[in-house]
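Morning, everyone. Please bring up the model on your screens.

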Amino acid sequence: MEEILKQLPEKAKGMKKQHKKFFAKLKKKPPKNLDAVMQELHEEEFQQTNCLECANCCKTTGPLFTQKDIERLSKHFRMKPGEFIDSYLRIDEDKDYVLQNLPCPFLGADNYCMVYEVRPKACREYPHTDRKDFHKIANITLKNTAICPAAFNIVEKMRANLP
């Protein structure tokens, strides 16, 4: 997995033009069955991909925290939401709450998430490849192909399977 992760950013960069072109076409005229195809590709990929071997998303990028996420996590830690924010979060340039530091402070040395049951919505949905109206999140997906080997593989399979 280490070797795959080392090569992934360069691999994604090398395919960026083709991926962008593909997503532009997809956005113009998404196939009627796109969500079903994406769900299938997502499930197939995650039968082969074990996130615990990778955890690159947790090591290199942080989720956006919604107010509900903050409330749920602060309750989990028996903290006031303000204390949770002061301890773990900062406001980014888009005025969103994000982690102060990476890797994620809730990621264990064994790649297990210490707050898995109450993790943020963005973490639960990552890499967003099984989301409805998938064609509308092309920019996020393009970024994720450089972070998540599964997202890269799914996009490549999409290109092979969709006209």
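A salt bridge here is a side-chain nitrogen of Lys or Arg within 4 Å of a carboxyl oxygen of Asp or Glu. Two ground rules. This is a predicted model, in which local features need pLDDT of at least 70, side-chain atom pairs count only at pLDDT 80 or more, and totals for chains, interfaces and linings use all residues. Numbering runs from 1 along each chain as its sequence is written, and side-chain values use heavy atoms, with hydrogens and water left out.

So, salt bridges. The structure holds seven. One pairs Lys-6 with Glu-3, with the closest N and O atoms 3.8 Å apart. Because these two sit three residues apart in helix α1, about one helical turn separates Lys-6 and Glu-3. On naming: helices (H or I, at least four residues) and strands (E, at least two) are DSSP runs, numbered from the N terminus.

Next, a helix pair. The axes of α5 (residues 67-76) and α6 (residues 81-88) come within 9 Å and cross at roughly 95°. Axes are lines fitted to C-alpha atoms, for helices over the stretch in contact, and angles run from 0 to 180 degrees between N-to-C directions. Who touches whom? Ile-70, Leu-73 and Ser-74 of α5 meet Pro-81, Phe-84 and Ile-85 of α6, with contact meaning heavy atoms within 4.5 Å. By class, that is five nonpolar, one polar and no charged. Ala, Val, Leu, Ile, Met, Phe, Trp, Tyr, Cys and Pro count as nonpolar, Asp, Glu, Lys and Arg as charged, and the others, Gly among them, as polar.

Now the second largest pocket. Its lining includes Pro-9, Lys-13, His-19, Asn-139 and Thr-145. A pocket is an open set of points on a 1 Å grid over the protein atoms alone, where a 1.4 Å probe fits, with protein on both sides within 12 Å along at least five of seven lines; lining residues have an atom within 4 Å of a point. Helix α1 gives the largest share of that lining, six residues. The lining divides into four nonpolar, three polar and four charged.

Last, the backbone. A cis peptide bond joins Leu-102 and Pro-103, with omega about 0°. Pro-103 is in the loop between β2 (97-99) and α7 (121-125). Another cis bond joins Tyr-126 and Pro-127, with omega about 5°. Pro-127 is in the loop between α7 and α8. Finally, Lys-95 has a positive phi, near 70°.
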